[in-house]
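Please keep the sequence and the model in view while working through the numbered points.

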Amino acid sequence: MYPFLKEPKTDHRFKDNVSFDRVLRLYRFDKKLRILLFNEIEKIEIAFRQTVANVTAQMSGNIFWMTDVVSYSNLADQRIRKAIAKTFHLQAPVLDSWMTVITLTRNSCCHHARMWSKINPINPNDMKNDFKNKLTGILNLFPEIDLRAM
């Protein structure tokens, strides 16, 4: 209901012409958006784990490498971090920022937090993929969603 509140939001007063149906439609839209994000993040996590395991095993000789985001974030060897980022055609700081945003977004999805018009504290660099087309498809299903609220 946050996007339907008047400024200042802390007053908890609704904008004019807000109906229960509009709030429910926004909730349904947000749920579909959350599912889309979670499904896409799953693909990223699998590819990321595979890359971390393979690159680390090749460079360290340790084939029993732990393969989660925490293991990557605790990885002190900058050579390995750079090699992992290079497999995604990125610089290590860019990959780090993306993995942070992906982790925050995944956690929000898992805990059913609002996704629409949510502002993340980190804005990673732009990468090319088809997510924008998928998001446009969902937005077309919900034409009443205010894109200015993004």
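This is a predicted model: local features need pLDDT of at least 70, side-chain atom pairs count only at pLDDT 80 or more; totals for chains, interfaces and linings use all residues.

1. The backbone oxygen of Val 52 lies 2.7 Å from a polar atom of the Thr 56 side chain. This is a polar contact (a pair of N or O atoms within 3.5 Å; within protein, one must be able to donate a hydrogen and the other to accept it, and residues adjacent in sequence count only if both atoms are side-chain atoms). Thr 56 is found in helix 1, and Val 52 lies in helix 1 as well. Helices here are DSSP runs of H or I with at least four residues, numbered from the N terminus. Thr 56 counts as buried because its relative accessibility is 1%; Val 52 is also buried, with a relative accessible area of 1%. Buried means under 20% relative accessible area, exposed means over 50%, and partly exposed lies in between (1.4 Å probe, protein chains only).

2. Residues are numbered from 1 along each chain as its sequence is written, and side-chain values use heavy atoms, with hydrogens and water left out.

3. Val 52 and Thr 87 are 35 residues apart in sequence, and their C-alpha atoms are 9.8 Å apart in space. For Asp 130 and Lys 9, the separation is 121 residues in sequence and 34 Å in space, C-alpha to C-alpha. Asp 130 has its place in the loop between helix 4 and helix 5 and is partly exposed, with a relative accessible area of 41%.

4. Which residues of helix 5 are buried? In this helix (residues 131–141), they are Leu 135, Ile 138 and Leu 139. They lie on the same side of helix 5, because they cover an arc of only 100° around the axis; the arc is that of the directions from the helix axis to the C-beta atoms. An α-helix has 3.6 residues a turn, so residues three or four places apart point the same way. Asn 133, Asn 140 and Leu 141 are exposed on the other side of helix 5. The buried residues of helix 5 pack against helix 1 (20–60), where contact means heavy atoms within 4.5 Å.

5. Helix 3 deserves attention at both ends. Asp 77 caps its N-terminal end, with a side-chain oxygen 2.9 Å from the backbone nitrogen of Arg 79. Within helix 3, Ile 80, Arg 81, Ala 83, Ile 84 and Ala 85 are buried. His 89 follows helix 3 and has a positive phi, near 60°.

6. How are helix 3 and helix 4 arranged? They pack at an angle of about 75°, with their axes 8 Å apart. That makes helix 3 roughly perpendicular to helix 4, a term that covers angles of 65 to 115 degrees. The axes are lines fitted to C-alpha atoms over the stretch in contact, and angles run from 0 to 180 degrees between N-to-C directions. Arg 81, Lys 82, Ile 84 and Ala 85 of helix 3 make the contact with Ala 92, Leu 95 and Asp 96 of helix 4.

7. The largest nonpolar core has 17 residues, of which Phe 48, Tyr 72, Ile 84 and Leu 95 touch the most other members. Such a core is a set of buried Ala, Val, Leu, Ile, Met, Phe, Trp, Tyr and Cys residues joined through side-chain atoms within 4.5 Å. Helix 1, helix 3 (78–87) and helix 4 (92–110) each give two or more residues to this core, and helix 4 supplies the largest share, six residues. A second, separate core of 15 residues includes Leu 33, Leu 36, Cys 109 and Phe 142.

8. Some backbone details remain. The peptide bond from Glu 7 to Pro 8 is cis, with omega near -10°, and Pro 8 is found in the segment before helix 1. His 12 lies in the segment before helix 1; its phi is near 55°, a positive value in a residue other than glycine. His 12 is exposed, with a relative accessible area of 60%.

9. Ser 117, in the loop between helix 4 and helix 5, has a positive phi near 60°. Ser 117 counts as buried at 16% relative accessibility, and a polar contact of 2.9 Å joins its side chain to that of Arg 114.

Key
Angles under 35 degrees count as roughly parallel, over 145 as roughly antiparallel, 65 to 115 as roughly perpendicular and the rest as oblique.
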